[in-house]
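Work through the exercises below with the model open. Try each task before reading its solution.

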Amino acid sequence: MEVLKGTLVLLMVLTAFSLFSYKAPHGMRAMGALANAACATFLVEAIQFSLLGNTLGIPFLAELGEISGGLGGLAAATLVMSALGVSPVYSMLLGITCSGFGILPGFIAGYLMSFVVKYLEEKVPPGIDLLVMVVIMAPLTRYIGALLEPVVNGTLWTVGDIIAGSTDASPIVMGIIIGGFFTLISTSPLSSMALTAMLGLTGVPMAIASLPISATSWSNFILFKKLKFGDTRDTIAVVIEPLTQADIISANPIPIYITNFISGALGGVVVSMMGLINNAPGTAAPSAALPVMFAFNPAGKVIMAMAICSVFSIIVGFAGSYIFRNHKIVTAAEIRG
């Protein structure tokens, strides 16, 4: 029952973000900004705080990572407003007011205020608009974030707890579900980094959501190489960070999503059975997942798990490239002109 409940809740969250991405005004662009905010804050926190600072015992780096990780709301509000066309100075002015908030409350506040700010920039005379931003819009943005913070964070933490409890109840099944879904999400505009950070995943669930993503880079490399989605730069870029090739992936969802889900699911079972943990939320990305795992697990165990997951990923990658060899492919040249 807990497994079913956890799966349904996770699917509801994914559906909500998918609907926002494709149906909300500028939803895809906003979600891209959210992913960038996760990179700018949680990736720095994961590497500098969890890996280098704590593991190597360097206080300066630990402090740097901790500071960066606490600025998710500020980064999300600033970047989403900038992505939606708000001037840089107003994006930063209002984004700073979301300092101390979680990444999602800051994101929502920034998204809502961007429409108001763009309207004011057009209607209010120059000079006066700055006063309006400082006197009215800054406290209003902070107020919206403060209203959202307890509701949003409480809901997401509840979802995270359900997922964690489900993993304990049936680790293999949830290894398939979490590993498969989050690896798939890592190639979508939703951003696995942002989602795991917002859910506050830690422990085994976070490990399941992160290490298979690093291993699945092999599948993506083989797919891009064999099916010729783009040139060599595109192939290398998708290995380092799939979000950089979101336009190609979105245009070819069936071969890429199916292959990534299967590779991630197999990797999730491996991680779950080996009992690896990851206590750094938001590190579900190819460049961050593997190095961060060494901060919480024995090195030999991490290397063994990564090797097994990589073998599965390579097999799935070749199988996918063969199965979809006649599938109609939209190339980078067609998409980008």
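The exercises that follow use a predicted model.

**Exercise 1. Helix length**

Task: Check whether the end-to-end distance of helix α4 (residues 72-83) agrees with its number of residues.

Solution: 
- Helix α4 has 12 residues.
- The expected span is 1.5 Å times one less than the number of residues.
- That rule gives 16 Å for α4, and its end C-alpha atoms are 16 Å apart, so the two values agree.
- After α4 comes Gly 85, with a positive phi near 100°.

**Exercise 2. Cover on α4**

Task: Work out how many residues of α4 are buried, and list them.

Solution: 
- Buried means under 20% relative accessible area.
- By that cut-off, 9 of the 12 residues of α4 are buried, and the helix is mostly covered.

**Exercise 3. Cysteines**

Task: Are Cys 98 and Cys 309 buried or exposed, and how many disulfides does the structure hold?

Solution: 
- Cys 98 has 0% relative accessibility, so it counts as buried.
- Cys 309 has 1%, so it counts as buried too.
- A disulfide needs two cysteine sulfur atoms within 2.5 Å.
- The structure holds 0 disulfides.

**Exercise 4. A helix pair**

Task: Describe how helix α10 (residues 203-215) and helix α14 (residues 253-274) cross.

Solution: 
- Two packed helices are described by the angle and the distance between their axes.
- The axes of α10 and α14 come within 8 Å and cross at roughly 140°.
- α10 and α14 are therefore oblique to each other.
- Their crossing is right-handed.
- On α10, the contact is made by Val 204, Ala 207, Ile 208, Leu 211 and Pro 212.
- On α14, it is made by Gly 264, Gly 267, Gly 268, Val 271 and Ser 272.

**Exercise 5. A buried serine**

Task: Locate Ser 313 and name the residues it touches beyond four places in sequence.

Solution: 
- Ser 313 is part of helix α16 (residues 299-323).
- Ser 313 counts as buried because its relative accessibility is 0%.
- Ser 313 touches Ala 215, Thr 216, Trp 218, Ser 219 and Ser 263.

Terms used:
Residues numbered from 1 in each chain as written. Predicted model: local features only at pLDDT ≥ 70, side-chain atom pairs only at ≥ 80, totals over all residues. Heavy atoms only, no water. Helix = DSSP H or I, 4+ residues; strand = E, 2+ residues; numbered from the N terminus. Buried < 20%, exposed > 50% of the residue type's maximum accessible area, 1.4 Å probe, protein only. Axes fitted to C-alpha atoms, helices over the stretch in contact; angles between N-to-C directions. Parallel < 35°, antiparallel > 145°, perpendicular 65-115°, else oblique. Left-handed = near helix turned anticlockwise from the far one by under 90°. Contact = heavy atoms within 4.5 Å.
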